[in-house]
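Here is a short report on one protein chain. Keep the sequence and the 3D view at hand as you read.

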Amino acid sequence: MNENRIDFTKWLRVLIYIAIARIVNTVVGIPAFIPTAITAWISRILMALMVFAMFKLAPANDRYKKTGIQLAIVLILTIATELLNTGAVLTLIAGILSIVAEYQEYHGHSELIEEKDHQLSGKWTSLFMWSIVIGLILGFASTAAGVLAAVAGVDTETAALVIAAVMMIPEYIIDIFYILYLKKMIALFAEDKVSEYDA
């Protein structure tokens, strides 16, 4: 288990790099520095890396394997939606699976760290709940903001850009906590390794 644990920290670090890359990809995509098609494919590549990382983490907790499978299906559905030019049903299924995958991942982190840090374990489950609440609020808020912008006669493209930028801020906050919690997990497992050497 201890040898595997060293490998787990490696893949937890990979999750941090993916999260950072995801933030950067979203930021550069908002002002259209990079064409949407490119940022969309970057997102898919990052999701594929996420799937790979989850399967590597699977020996630590079975929830990671479930996350990997669900994210793989989401990735396939996302690509199929674009290639087949079909929207609503596949997009809805992908959205639901994304939430379930996030639930499995966050609870996998929570269970993995529970013995070492009960407080951090609880923070992981809370972070999932916050991500759901924020997602729902942002969904309603973006729709309302779009309607108000249209009524006020604001340029549609400008309004969409501003709304997207503002709405992404809470998601960035969630991502930052995600990264911080992963770093804390890595540090705790690293302490274990130091203790083994000292012994």
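## A nonpolar patch

Which residues make the nonpolar surface patch of about 450 Å²? Ile-169, Ile-173, Ile-176, Phe-177 and Leu-180 make it. Bear in mind that this is a predicted model.

Leu-180 sits in helix H6, which covers residues 156-198. Its relative accessibility is 47%, so Leu-180 counts as partly exposed. The cut-off for exposed is over 50%.

## Three salt bridges

Side chains of opposite charge can pair when their charged atoms come close. How many salt bridges does the count give? The count comes to three.

Start with Arg-22 and Asp-175. Their side chains meet in a salt bridge, at 3.9 Å from N to O. Arg-22 belongs to helix H1 and Asp-175 to helix H6, so this pair ties together parts 153 residues apart in sequence. Arg-22 has 31% relative accessibility, so it is partly exposed. Asp-175 has 15%, so it is buried.

## Two more pairs

Next come Glu-82 and Arg-44. Their side chains form a salt bridge with an N to O distance of 2.6 Å. The pair links distant parts of the chain. Glu-82 is in helix H3 (residues 62-84), Arg-44 is in helix H2 (residues 36-57), and the two are 38 residues apart. Is Arg-44 buried or exposed? Arg-44 is buried, with a relative accessible area of 11%. Glu-82 has 45% relative accessibility and counts as partly exposed.

Arg-63 and Glu-111 form another salt bridge, with their closest N and O atoms 2.7 Å apart. This pair also links distant parts of the chain: Arg-63 lies in helix H3, Glu-111 in helix H4, and 48 residues separate them. Arg-63 counts as buried at 19% relative accessibility, because the cut-off for buried is under 20%. Glu-111 is partly exposed at 36%.

Asn-25 is part of helix H1, which covers residues 2-29. Its relative accessibility is 7%, so Asn-25 counts as buried.

What does the side chain of Asn-25 meet? It makes a polar contact with the side chain of Ser-43, at 3.0 Å. A polar atom of the Asn-25 side chain also lies 3.0 Å from the backbone oxygen of Thr-39. Set aside the neighbours within four places in sequence, and Asn-25 is in contact with Thr-39, Ile-42 and Ser-43.

## Helix H4

Helix H4 runs over residues 88-113, which is 26 residues.

At 59% relative accessibility, Val-89 counts as exposed, because the cut-off for exposed is over 50%. Val-89 and Leu-77 are 12 residues apart in sequence. In space, their C-alpha atoms are 10.0 Å apart.

Conventions:
Residues numbered from 1 in each chain as written. Predicted model: local features only at pLDDT ≥ 70, side-chain atom pairs only at ≥ 80, totals over all residues. Heavy atoms only, no water. Helix = DSSP H or I, 4+ residues; strand = E, 2+ residues; numbered from the N terminus. Buried < 20%, exposed > 50% of the residue type's maximum accessible area, 1.4 Å probe, protein only. Polar contact = N/O pair within 3.5 Å; in protein donor to acceptor, adjacent residues only side chain to side chain. Contact = heavy atoms within 4.5 Å. Expected span 1.5 Å × (residues − 1). Patch = residues over 30% accessible without salt bridge, like charges linked within 9 Å, V, L, I, M, F, W, Y side chains within 5 Å. Areas by Shrake-Rupley, 256 points an atom, 1.4 Å probe, with all protein chains shown as cover. Salt bridge = Lys/Arg side-chain N within 4 Å of Asp/Glu carboxyl O.
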